[in-house]
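Colleague: I would like to go through this model feature by feature. Please give the general idea each time, then the case at hand.

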Amino acid sequence: MVEIETERLLLRGWRDGDLEPYARICAEPEVMLYMGRGAMGRGQTAESVGRYVRHWEKYGYGLWAVEDRTSGAFIGRIGLMRHDDWPEGAHKTEVGWLLDRSFWGRGFATEGALASIRHGFEELKLGRIISIAIPGNQASLRVMEKAGLTHRGQARWKGLDVVWYAIDRENKQTGS
Ligand SMILES: CC(C)(COP(=O)(O)OP(=O)(O)OC[C@H]1O[C@@H](n2cnc3c(N)ncnc32)[C@H](O)[C@@H]1OP(=O)(O)O)[C@@H](O)C(=O)NCCC(=O)NCCS
């Protein structure tokens with residue numbers, strides 16, 4: 001599996017030991033407020049990690065486990081996820097992020113998003129990368145903007161009203 005080091009983060013493969021801290025993060029109502037189904041129990045979180053790992057096996061890319069390079073702590077997930085059921089066009093790979101509350105507000109999501117997008121365009125040769133959020137999720141929408149995505153519209157997806165943003169490879173300057 002591809003690993004990516006950014007200035008402050010290590011984007012790496014999932015390890016057994018990640019489940020405990022990830023389950024703690026996903027049990028926080030504040031973290032899960034805009035994720036569509038609220039705080040998750042350990043079993044649901046384990047199912048999610050199983051989906052991430054199967055996605056990597058199927059597509060050769062996916063959501064990375066994120067480590068804070070300074071402390072070596074597991075702090076969440078960032079990366080690319082293909083949604084076969086996305087209704088708005090042929091480009092169905094999303095860049096997404098979810099981090100431990102105590103690491104918010106330091107630019108980490110944006111740093112990981114930029115690395116994910118670069119990987120998606122330069123290595124995977126994706127034509128467009130989308131990102132999807134519930135409209136009230138201002139922090140996430142801001143990360144999209146800071147990572148260079150622009151607003152493309154609203155949609156109904158998985159029973160939710162969402163907004164979606166995108167960035168196209170042809171408009172992206174390599175190395176930026
Ligand atoms: C979304 C999330 C990953 C952002 O992580 P982060 O590392 O704090 O993001 P960054 O520091 O890179 O950027 C956050 C930006 O949002 C802004 N922001 C945060 N809360 C905000 C709010 N309530 N209203 C407006 N802007 C807000 C920050 O000020 C910052 O912008 P700035 O750099 O211009 O000041 C984090 O909040 C999270 O894990 N949320 C829960 C999971 C989630 O909702 N994931 C996304 C699902 S679509």
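**Helices, core and ligand shell**

Modeller: Glycine 60, with a positive phi near 80 degrees, follows α3; helices (H or I, at least four residues) and strands (E, at least two) are DSSP runs, numbered from the N terminus. This is a predicted model, where local features need pLDDT of at least 70, side-chain atom pairs count only at pLDDT 80 or more, and totals for chains, interfaces and linings use all residues. Residues are numbered from 1 along each chain as its sequence is written.

Colleague: What span does helix α3 reach from its first C-alpha to its last?

Modeller: The expected span of a helix is 1.5 Å times one less than its number of residues. Helix α3 (residues 42-59) has 18 residues and reaches 26 Å, close to the expected 26 Å. Helix α4 (residues 108-122), with 15 residues, reaches 21 Å, close to the 21 Å expected.

Colleague: Which residues in α4 are buried?

Modeller: A residue is buried if 20 or more other C-beta atoms lie within 10 Å of its own, exposed if 12 or fewer, and partly exposed in between, with C-beta atoms placed from the backbone. In α4 the buried residues are Phe108, Ala109, Glu111, Gly112, Ala113, Ala115, Ser116, Ile117, His119 and Gly120.

Colleague: How many residues has the largest nonpolar core?

Modeller: A nonpolar core is a set of buried Ala, Val, Leu, Ile, Met, Phe, Trp, Tyr and Cys residues joined through C-beta atoms within 7 Å. The largest one has 38 residues, and Ala109 and Ala113 are among those with the most contacts inside it. The element that gives the most to this core is α4, with five residues.

Colleague: Which residues come nearest to the ligand?

Modeller: A residue is near a molecule if its C-beta atom, placed from the backbone, lies within 6 Å of it. There are 20 residues around the ligand, of which Ala109, Thr110, Gln138, Ala139 and Arg142 come nearest. Two or more residues of the shell come from each of β5 (93-99), α4 and α5 (138-146). The most are given by α5, with five residues.

Colleague: Where does lysine 125 lie, and is it buried or exposed?

Modeller: Most residues other than glycine have a negative phi. Lysine 125 has a positive phi of about 60 degrees and lies in the loop between α4 and β6 (128-133). Lysine 125 counts as exposed because it has 8 C-beta neighbours inside 10 Å. Lysine 158 also has a positive phi, of about 55 degrees, and sits in the loop between β7 (150-157) and β8 (160-168).
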